[in-house]
There are 4 protein chains.
Amino acid sequence: MSIAHEMLDTNPARTGFDHRALAGCIDACFACVEACVACADACLGEEMVAELRRCITTNLNCADICDATARVLSRQVGYDAALTRALLRVCSDACGRCAQECERHAGMYEHCRVCAEACRRCVEACDALLNA
Amino acid sequence: MSIAHEMLDTNPARTGFDHRALAGCIDACFACVEACVACADACLGEEMVAELRRCITTNLNCADICDATARVLSRQVGYDAALTRALLRVCSDACGRCAQECERHAGMYEHCRVCAEACRRCVEACDALLNA
Amino acid sequence: MSIAHEMLDTNPARTGFDHRALAGCIDACFACVEACVACADACLGEEMVAELRRCITTNLNCADICDATARVLSRQVGYDAALTRALLRVCSDACGRCAQECERHAGMYEHCRVCAEACRRCVEACDALLNA
Amino acid sequence: MSIAHEMLDTNPARTGFDHRALAGCIDACFACVEACVACADACLGEEMVAELRRCITTNLNCADICDATARVLSRQVGYDAALTRALLRVCSDACGRCAQECERHAGMYEHCRVCAEACRRCVEACDALLNA
């Protein structure tokens, strides 16, 4: 069981979200922050950095949005369903765009391939939570 | 001229956003982070903390969403209009909810009054940018 | 192999840090952010919230410091050894203090027990990296 | 009076720090985040981006460390003097290094000149608080 899942099970507040789907989404968001911060840096170090500008910005934006989403999702006390759902949709969108951008370079840069996969998993986790 | 405005004017990339409205929104978002982080802490220190739980969560969520929004808005290179607009709407929503919650306690707690004003200014700045 | 480890192995830049120790520390920092954000919220929801004030602040501070440390450690390009080491020492210190505070409530609150363990693992990972 | 100063004056907790110096440091940290996030983006957009790699990383690290420092400084409840002072020293160091790096390009890039000034003001504010 992940840390997020253990924390949800021991939180005195309840949001109505299924804990497995919610913990899966929190974990996927943090993993996406981890991948995107690292991918922005790896792209910056590449010889062709000038052609990776859009990828770097997309990574940095995706990291910041996933970070905020993971933190909001982790808060069960005073939970706001409408705000959470709106943020989840933006997060899914940001991850989908970042996956798409990274996939354009995935054949050439292994870090973009790994990052695209983390973004795709986060899209799936956000969408699963929205449909739960 | 604010730091955000000076930075936009000297950035080699252009997004099409009016710099005055864009800088005003970046400044308002950072000011809202500043107010919300401090208001969450001040609420935590109040004797009636148990009745301020929702206010604390709303503050923390608002701070995290404004932080991500300010950072995304500050990036002009590889700018994504659709993502930015979706995030701006969520940010305006989060600030509006936080203002509303803080206003409920504004007569009793001066920090909630100051925070509600920072949130209202951020709502206005986000909406002005969305309508620019 | 964790995402952090895969990203380090595919980054064109090299810092001289052992990748296993560095990835372990990045992972531990992000896991600590996850635990501390959730523990602050769980403490806020407890009936005895007034007695958990210090624990909540310690959690929030630890989360913010671990977040910054994880991001700095993830950047290999233009790496600065002295700054990184100074930040690692502060992070280890913040996690040690948070572990200690959570351990005081670990018998009563399961979320504090889980969080204290995440903090202890982060102390170990920071210290291992400092001694690597 | 700045938002940070108003929030400190209305916070029920007291840390012993002089409010003027403390608010000045919180404001300077947030202004430095604002400048550094924007300078990293402006550098990324420059034709000579390959020669600005170190500047971009230094900006991103400085932004993350200032963000964490501003948040920790904003929390008066359960205040920890030793941790705060250690973090302030790292923040002053990160800002000093970022100022130095930006000053190398300040003649060529106006955004680096503006950013270096924000970093220098943050060094001064951190040092003033450490000596207060």
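## Contact and the basis of the model

Contact is taken here to mean heavy atoms within 4.5 Å. The structure is a predicted model, in which local features need pLDDT of at least 70 and side-chain atom pairs count only at pLDDT 80 or more, while totals for chains, interfaces and linings use all residues. Side-chain values use heavy atoms, with hydrogens and water left out, residues are numbered from 1 along each chain as its sequence is written, and chains are lettered from A and ligands numbered from 1 in the order in which they are written.

## Relation of chains A and C

When copies are superposed by least squares on the C-alpha atoms of residues with pLDDT of at least 70 in both, a rotation of 180° with 0.0 Å of shift along its axis brings chain A onto chain C with an RMSD of 0.0 Å. That is the relation of a two-fold axis, and in chain A the C-alpha nearest this axis belongs to Phe30(A), at 3.5 Å from it. Of the interface residues of chain A, 100% are also interface residues in chain C, so the copies meet through the same surface.

## The interface of chains A and C

In this interface, 37 residues of chain A are in contact with 37 residues of chain C. The buried area (accessible area, 1.4 Å probe, that two parts lose on being put together, summed over both) is about 3,000 Å² between these chains, and carbon and sulfur atoms give 66% of it. Ile3(A), Met7(A) and Glu34(A) supply 22% of the area that chain A buries against chain C, more than any other three residues.

Four salt bridges (a side-chain nitrogen of Lys or Arg within 4 Å of a carboxyl oxygen of Asp or Glu) are found across the interface of chain A and chain C. One of them joins the side chains of Arg113(C) and Glu6(A), at 4.0 Å from N to O.

## Relation of chains A and B

A rotation of 180° with 0.0 Å of shift along its axis also superposes chain B on chain A, with an RMSD of 0.0 Å. The C-alpha of chain B nearest that axis is the one of Ala68(B), 3.3 Å from it, and the same surface serves both copies, since 100% of the contact residues of chain B recur in chain A.

## Helix H4 of chain B

Helices are DSSP runs of H or I with at least four residues, numbered from the N terminus. The expected span of a helix is 1.5 Å times one less than its number of residues, so the 24 residues of H4 of chain B (residues 81-104) should span 34 Å, which agrees with the 35 Å between its end C-alpha atoms. At the start of H4(B), a side-chain oxygen of Asp80(B) reaches to within 3.2 Å of the backbone nitrogen of Ala82(B).

Notes
Helix = DSSP H or I, 4+ residues; strand = E, 2+ residues; numbered from the N terminus. Polar contact = N/O pair within 3.5 Å; in protein donor to acceptor, adjacent residues only side chain to side chain.
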